[in-house]
Each structure stands twice: as structure tokens, then as C-alpha cells.
Amino acid sequence: MHQITVDDLVVDVVRKDIRNLRLAVYPPDGRVRVAVPLRVDDEAVRLFTISKLAWIRRQQAKFAAQERPSPPEFITGESHSYQGDRYLLSVVHHDGPPAVTVRNHTTLELRVRTGSNAAQRERVLLAWYRRQLKAAVPPLIAKWEAALGVHVAEWGVKRMKTRWGTCNIKARRIWLNLELAKWPVRCLEYIIVHEILHLLESKHNDAFVAHMDRFLPQWRLIRDELKRGPLVHEIRKY
Ligand SMILES: [Zn+2]
């Protein structure tokens with residue numbers, strides 16, 4: 001990655017084996033990043049960025065106007081997401097093993113050892129998210145393996161900063177972002193379909209889009225829903 005300056009704007013430029021220029025503005029600071037096909041030079045990136053300046057400024061103004069949420073402390077009264085719904089966190093200190101329980105579709109009860117700190121409480125919650133996600137994934141993978149006629153050799157869940165999912169085509173291995181536990185199941189399913197489709201079509205080309213349109217006609221709506229978060233999904237080939 002390197003940077004170019006356009007007006008007073010610092011732009012991260014990443015060259016990749018892709019077809020089209022892709023420009024994104026990221027919260028919270030409005031960082032601008034352009035993914036560029038290998039053969040496109042910096043001058044073309046500069047002109048492309050200039051043509052998008054008004055849009056970039058609008059996105060940055062939007063992020064600047066948003067209130068910065070303070071980092072969660074995993075204490076009673078905080079709001080946390082699970083499968084697309086917001087839950088009130090209720091922390092119970094006790095001397096038994098840690099546990100998370102959904103109560104009345106409104107509350108996530110987090111049972112932790114007396115004296116546990118924020119990092120320990122976060123670990124308990126993340127472990128629970130991971131278990132929930134890992135339980136939700138197998139039937140979806142089985143469903144789409146059958147529908148698409150492909151086989152996923154291996155899958156897993158991990159924390160990722162920039163991707164919702166990845167597909168290693170050679171190993172037929174899919175990674176899913178742990179964050180998906182917080183989103184509606186349709187979002188998880190969309191990412192699974194997308195990543196499995198890469199076993200049929202490695203690139204985001206017309207054939208790939210045609211597959212998506214055929215198998216998951218509402219995929220654009222779900223993609224836009226996920227775009228409200230800061231992550232994108234990308235394919236890693238090897
Ligand atoms: Zn992809």
C-alpha cells in the first residue's frame with residue numbers, strides 16, 4: 001500500500017488483481033482507500049478520486065457528525081447485538097462457571113466470576129457469540145453445498161478487521177467473521193452463499209453476479225444492510 005495526496009486528502013492506494021477501481025471511505029475517521037487494478041497508474045487514481053471528491057466529502061461529513069460510541073465495558077445496562085436484535089446486558093457476578101443466557105428476547109444475562117474485569121467479561125461474551133455462530137453455520141453450509149453442488153472442505157470462525165468472510169479456493173476453506181453473530185441470520189447466509197460461490201467462480205464477474213441473482217435474488221439488499229458496518233468482504237485466492 002502507498003499513499004497519494006489529492007487536494008488535501010490523503011488516499012491509501014492498494015494495487016490488486018481486480019478489474020475495477022474501488023473507492024471506500026471508512027468510519028470513524030473518514031479514511032479513504034482505493035483498490036486499484038495492477039495496471040492502473042497513480043495519475044488515473046488521482047483523476048478517479050477527484051471525480052468522487054464530492055461524494056467522499058459527504059461521507060466524511062456524515063462520519064464526523066456521528067457520535068463516537070465509547071468502547072463497551074460489558075457492564076449492566078449496555079446494549080449489545082445478537083442475530084440482528086439489540087439486547088440489554090445484565091451482568092451477574094457469581095462463583096460458578098461463566099455463562100450467557102438470553103432472557104425474554106430482551107436481555108443477555110452475562111454470568112461471570114466475582115471480580116472479573118472488562119476484558120474477562122468480553123471474553124465470555126465473545127466465546128458465546130462464537131458458539132452461537134458455530135451452531136448456526138453447519139445447516140447453512142449443508143443447504144448451500146447441496147444447492148450449488150460444491151463441497152466445502154473446511155470452515156471456521158475468526159475475528160477479522162476488514163472482511164466478512166474469505167474463501168481459500170485451493171483448500172476449499174471458508175472463514176467467517178465472528179461479528180456475523182451480531183447480524184441477522186440472513187446476513188450470515190448471504191456471506192456463506194457468497195463465499196461458497198467462489199468455489200464455482202473465483203472472481204466477482206458477471207457470471208458470479210448471475211449466480212447470486214439466481215440463488216439469492218435479494219442479495220443486494222443484504223449486502224447494503226451489511227455495508228452499514230465498516231467491513232467489506234473479499235476473496236483471497238491462495
Ligand atoms: Zn467475494
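In which hand, right-handed or left-handed, does α4 pass α5? Point 4 has the answer; here are some notes to read alongside the model.

1. **Ground rules.** This is a predicted model, in which local features need pLDDT of at least 70, side-chain atom pairs count only at pLDDT 80 or more, and totals for chains, interfaces and linings use all residues. Residues are numbered from 1 along each chain as its sequence is written, and side-chain values use heavy atoms, with hydrogens and water left out.

2. **The chain overall.** There are six helices and eleven strands in the chain; helices (H or I, at least four residues) and strands (E, at least two) are DSSP runs, numbered from the N terminus. The C-alpha trace spans about 60 × 50 × 30 Å along its principal axes. Of the 238 residues, 44% are buried, where buried means under 20% relative accessible area, exposed over 50%, and partly exposed in between (1.4 Å probe, protein chains only). Among contacts between residues at least 6 apart in sequence, 47% join residues at least 24 apart; a contact means heavy atoms within 4.5 Å.

3. **Helix α3 against α4.** Helix α3 (residues 118-148) packs with helix α4 (residues 185-197) at an angle of about 45°, and their axes are 10 Å apart. Axes here are lines fitted to C-alpha atoms, for helices over the stretch in contact, and angles run from 0 to 180 degrees between N-to-C directions. The two helices are therefore oblique to each other (under 35 degrees counts as roughly parallel, over 145 as roughly antiparallel, 65 to 115 as roughly perpendicular, and the rest as oblique). Residues making the contact include L133, L140 and W144 of α3 and L188, I192 and I196 of α4. By class, this contact has 13 nonpolar, no polar and three charged residues. For the classes, Ala, Val, Leu, Ile, Met, Phe, Trp, Tyr, Cys and Pro count as nonpolar, Asp, Glu, Lys and Arg as charged, and the others, Gly among them, as polar.

4. **Helix α4 against α5.** Back to the opening question: α4 passes α5 in a right-handed crossing. A crossing is right-handed if the near helix is turned clockwise from the far one by less than a right angle, and left-handed if anticlockwise. The contact is made by Y190, V193, H194 and L197 of α4 together with F208, H211 and M212 of α5. Its classes are five nonpolar, two polar and no charged residues. Helix α5 covers residues 206-215, and its axis lies 11 Å from that of α4 at an angle of about 140°, which makes α4 oblique to α5.

5. **The two sides of α5.** The buried residues of α5 are F208, M212 and F215. They cover an arc of only 85° around the axis, so they sit on the same side of α5; the arc is that of the directions from the helix axis to the C-beta atoms. These buried residues pack against α3, α4 and α6 (219-227). On the face turned away from the buried side, you will find the exposed residues D206 and R214.

6. **Helix α1.** In α1 (residues 42-51), the buried residues are V45, F48 and T49. Their arc is only 100° around the axis, which puts them on the same side of α1. Among the elements covering them are β1 (2-6), β2 (9-16), β3 (22-26), β4 (31-37) and α2 (53-65).

7. **A proline to look at.** P138 lies in helix α3 and is partly exposed, with a relative accessible area of 35%.
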